[in-house]
Amino acid sequence: MARRKRILASDSSAEDDVNLTPMLDVVFILLIFFIVTAQFIKEPGVDISRTDVENAERQNPLGILIAIDEESDIYIDKEVVTLQEVGFRIRELREDNPKGRLVVQADEDSDAGVLISLMEIIYNEDGLTAVPVSVEKE
């Protein structure tokens, strides 16, 4: 009789353990969901000293970020590109993110001619008549 109670007691202790496998599955699924749906912050790949203005309007969310550094080099996705390549790169990025906003970050010491040429290319490729330029808000 005592032996039978021990056997029954050992069976019930095995059933009392909590199975964590389904909970871990749910946690991993949630983790994957948030990683896939998160919007990552776009960085120009170069340190830009932006111009200070009073009438700055916040642009969200960013889709395509184009930067011009103090030496008037153009950066897209942390890579230096020439003016001739910019149109192709915009079309390429538009295929991945058709609704993302295009924003230009121009260093205050960069050449204005490069910025104007870049805006003309953006107008020809993307149809934007008013290109948002990222600035520092006072």
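A salt bridge here is a side-chain nitrogen of Lys or Arg within 4 Å of a carboxyl oxygen of Asp or Glu. I start there because the term comes up throughout this talk, and it is counted that way in what follows. The model itself is predicted.

By that rule, the count comes to three salt bridges. Let me take them in turn.

In one of them, the side chains of Glu79 and Arg89 meet at 3.4 Å, N to O. That pair links distant parts of the chain: Glu79 sits in strand β4, residues 79–81, while Arg89 belongs to helix α3, and the two are 10 residues apart. Arg89 has a relative accessible area of 11%, which makes it buried.

Arg89 also forms a salt bridge with Glu92, again listed at 3.4 Å, N to O. These two are three residues apart in helix α3, so about one helical turn separates them. Glu92, with a relative accessible area of 34%, is partly exposed.

Then there is Arg91 with Glu125, where the N to O distance is 2.6 Å.

Which residues do shared partners join into one network? They are Glu79, Arg89 and Glu92.

Two packed helices are described by the angle between their axes and the distance between the axes. Helix α3 covers residues 83–96 and helix α4 covers residues 112–126; they pack at an angle of about 40°, with the axes 10 Å apart. The crossing of α3 past α4 is right-handed.

Which residues make the contact? On the α3 side they are Leu83, Val86, Gly87, Ile90, Arg91 and Arg94. On the α4 side they are Val114, Ser117, Leu118, Ile121, Ile122, Glu125 and Asp126. Sorted by class, this contact has seven nonpolar, two polar and four charged residues.

Arg91 and Glu125 are on that contact list, and they are also the pair whose side chains meet in a salt bridge at 2.6 Å.

Technical notes: Residues are numbered from 1 along each chain as its sequence is written. This is a predicted model: local features need pLDDT of at least 70, side-chain atom pairs count only at pLDDT 80 or more; totals for chains, interfaces and linings use all residues. Side-chain values use heavy atoms; hydrogens and water are left out. Axes are lines fitted to C-alpha atoms, for helices over the stretch in contact, and angles run from 0 to 180 degrees between N-to-C directions. Helices (H or I, at least four residues) and strands (E, at least two) are DSSP runs, numbered from the N terminus. A crossing is left-handed if the near helix is turned anticlockwise from the far one by less than a right angle, and right-handed if clockwise. Contact means heavy atoms within 4.5 Å. Ala, Val, Leu, Ile, Met, Phe, Trp, Tyr, Cys and Pro count as nonpolar, Asp, Glu, Lys and Arg as charged, and the others, Gly among them, as polar. Buried means under 20% relative accessible area, exposed over 50%, partly exposed in between (1.4 Å probe, protein chains only).
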